[in-house]
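Dear colleague,

Please find below the structure that I am handing over to you.

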Amino acid sequence: MKQIYLLRHAKSEWDEPYDSDLERSLSRRGKEQSKALREYLKESRFEFDQCLVSPAERTQKTYASLRKEILRFPKPDLREAIYDADKEDLLFLLHGLSPSVRSVCLVGHNPGLEELGSALLFGETSPTKFQKFPTASFLGLSFSEESWKDLSWGNCQLAVFWIPGQIGKE
């Protein structure tokens, strides 16, 4: 059984001037979201063998916030291909994982993450089936194949879907 965790970066800063979208950091709200997510993940005991992270400042800071107190999480593996990727790009990236990787966390951006998650769960549909996939969302999927190359649209099952601010409201 393989596990895929999709993590959308926390809320980013829009008020500061940046030379590039890649440089946008986390807003105050984003830092609060990261802290809430970190507390949830600490309690839930999720494990990742590998973590693929977009090179954007906001994705790196989101994941760094988690690793700050959850030392069992692996060092980030920065992948330029995640930034501005669509669902097909992200699926191709996952197909390239080593067979020894049992669980992967992909830290990236919308709409690519949302579309990937929807397609892996429900098949290739448009628009996505998610009503909302906000910043700092954490989606866990599982699939029963042995090879990452067998990952395809509609062959995953939902393990968890956590949204900031939803604790106690399930």
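Strand β1, residues 2–8, pairs with strand β5, residues 138–143, in the antiparallel sense over six bridges. Within this pairing, Lys-2 has Phe-143 of β5 as its bridge partner. Please note that the model is a predicted one.

Both strands belong to an open sheet of six strands, in which the order is β3-β2-β4-β1-β5-β6 and the pairing is mixed. At the edges are β3 (76–78) and β6 (157–162), each of which pairs on one side only. From one strand to the next, the twist averages 20 degrees.

As to the helices, the chain has four of them, along with six strands. Along the sequence, these elements follow the pattern β-α-β-α-β-α-β-α-β-β. Helix α2, formed by residues 57–67, lies across β1, β2 (50–53), β3 and β4 (103–108), and runs at about 150 degrees to β2.

Turning to the chain as a whole, its radius of gyration is 15 Å, which agrees with the value near 15 Å for a compact globule, because the chain has 170 residues. The C-alpha atoms fill a box of roughly 45 × 35 × 30 Å along the principal axes. Of the 170 residues, 49% count as buried. The chain exposes about 8800 Å², and carbon and sulfur atoms supply 48% of that area. Among contacts between residues at least 6 apart in sequence, 74% join residues at least 24 apart.

With kind regards

Note on methods. Residues are numbered from 1 along each chain as its sequence is written. This is a predicted model: local features need pLDDT of at least 70, side-chain atom pairs count only at pLDDT 80 or more; totals for chains, interfaces and linings use all residues. Side-chain values use heavy atoms; hydrogens and water are left out. Two strands pair if DSSP finds at least two bridges between them. Helices (H or I, at least four residues) and strands (E, at least two) are DSSP runs, numbered from the N terminus. Axes are lines fitted to C-alpha atoms, for helices over the stretch in contact, and angles run from 0 to 180 degrees between N-to-C directions. Contact means heavy atoms within 4.5 Å. The radius of gyration is taken over C-alpha atoms; the globule rule is 2.2 Å times the number of residues to the power 0.38. Buried means under 20% relative accessible area, exposed over 50%, partly exposed in between (1.4 Å probe, protein chains only). Accessible areas come from the Shrake-Rupley method with a 1.4 Å probe; for residues, only the protein chains shown count as cover.
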